[in-house]
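Q: Could you walk me through this one, starting with the strands and then moving on to the helices?

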Amino acid sequence: RDHPDRKRIFLAGFSSGSGMAQLFASRHSREIGGVVAVATPLMEPPIKLARPVPILYIHGDDDEQFSGFEVNSPHFATTPHGNWITWGYLNTCHTQVAEKTEWGVRFSWRGCKNGVPVIADFIAHFGHEWAGSVDARYDQKYWPSGPPNFTNMAWQFFAGIHPE
């Protein structure tokens, strides 16, 4: 009804909201400018996208919510690493790169269609929560000054996307 600019619609979600954001973006890729997904995979990935979708996927390596997915699901995308791989294939990316960061490991795809970013940040010693939220918990042994702030990471990611 308001006729938004379809290249400037961004979705961010946590847990089930992350799954919804990814599913919506995969089924309506022409309408979505980018996705930040935290702590849930893309369920039932499509065979291909109508248009590439920039994605930042964030997952804590101590996230207890994933144990059932990894063991019980026949779907490739339902592991954290599998989710990042699936988005790389959907965006027809060519090369995988990994780099150690102060908070864990960043996996990036290079050579993606239309140059879209496909990134996965795996956060060491972090569970099923949105870092930087009011109720977020973290172990000060690993994070003396606090973990990364996922909201800030999302805004930085969205700011770096340049619509075609």
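Predicted model: local features only at pLDDT ≥ 70, side-chain atom pairs only at ≥ 80, totals over all residues.

Strand pairing and the rest of the fold

A: E3 and E6 pair in the parallel sense over 6 bridges, where two strands count as paired if DSSP finds at least two bridges between them. Helices (H or I, at least four residues) and strands (E, at least two) are DSSP runs, numbered from the N terminus.

Q: OK, back to E6: which way does E5 run against E6?

A: E5 and E6 run antiparallel and are joined by 6 bridges. Gly-104 stands opposite Ile-123 in E6, and Arg-106 stands opposite Asp-121 in E6.

Q: And how many bridges join E4 to E5?

A: There are 7 bridges between E4 and E5, which run antiparallel, and these two strands form a hairpin with 2 residues between them. Within that pairing, Ser-108 in E5 is the bridge partner of Val-97.

Q: How many residues of E6 are buried?

A: For E6 the count is 6 of the 6 residues, so the strand is largely enclosed by the rest of the structure; buried means under 20% relative accessible area, exposed over 50%, and partly exposed in between (1.4 Å probe, protein chains only). In a regular strand the side chains alternate between the two faces of the sheet. In E6 both faces are covered, with Val-118, Ala-120 and Phe-122 buried on one side and Ile-119, Asp-121 and Ile-123 buried on the other.

Q: Switching to helices, how does the span of H1 look against what is expected?

A: Helix H1 covers residues 16–27, 12 residues in total, and reaches 17 Å from its first C-alpha to its last, close to the 16 Å expected at 1.5 Å a residue; the expected span is 1.5 Å times one less than the number of residues.

Q: Which residues of H1 are buried?

A: In H1 the buried residues are Ser-18, Gly-19, Ala-21, Gln-22, Ala-25 and Ser-26. Seen down the axis of H1, they fall within an arc of 165 degrees, so they line one face of the helix, the arc being that of the directions from the helix axis to the C-beta atoms. On the other side of H1, Ser-16 and Arg-27 are exposed.

Q: What covers the buried residues of H1?

A: The cover includes strand E1 (10–14), strand E2 (34–38), strand E3 (55–60) and helix H3 (80–90).

Q: Since H3 came up, how many of its residues are buried?

A: H3 is mostly covered, with 9 of its 11 residues buried, among them Trp-84, Ile-85, Trp-87 and Leu-90. Thr-92 follows H3 and has a positive phi, near 45 degrees.

Q: Which cysteines form a disulfide?

A: The structure holds 1 disulfide, formed by Cys-93 and Cys-112 with their sulfur atoms 2.0 Å apart, the cut-off for such a pair being cysteine sulfur atoms within 2.5 Å. Cys-93 lies in the loop between H3 and strand E4 (95–101) and Cys-112 in the loop between strand E5 (104–110) and strand E6 (118–123), so the pair ties together parts that are 19 residues apart in sequence. The torsion about the S-S bond of Cys-93 and Cys-112 is about 105 degrees, so the disulfide is right-handed.

Q: Are those two cysteines buried or exposed?

A: Both Cys-93 and Cys-112 are buried.

Notes
Residues numbered from 1 in each chain as written. Heavy atoms only, no water. Contact = heavy atoms within 4.5 Å.
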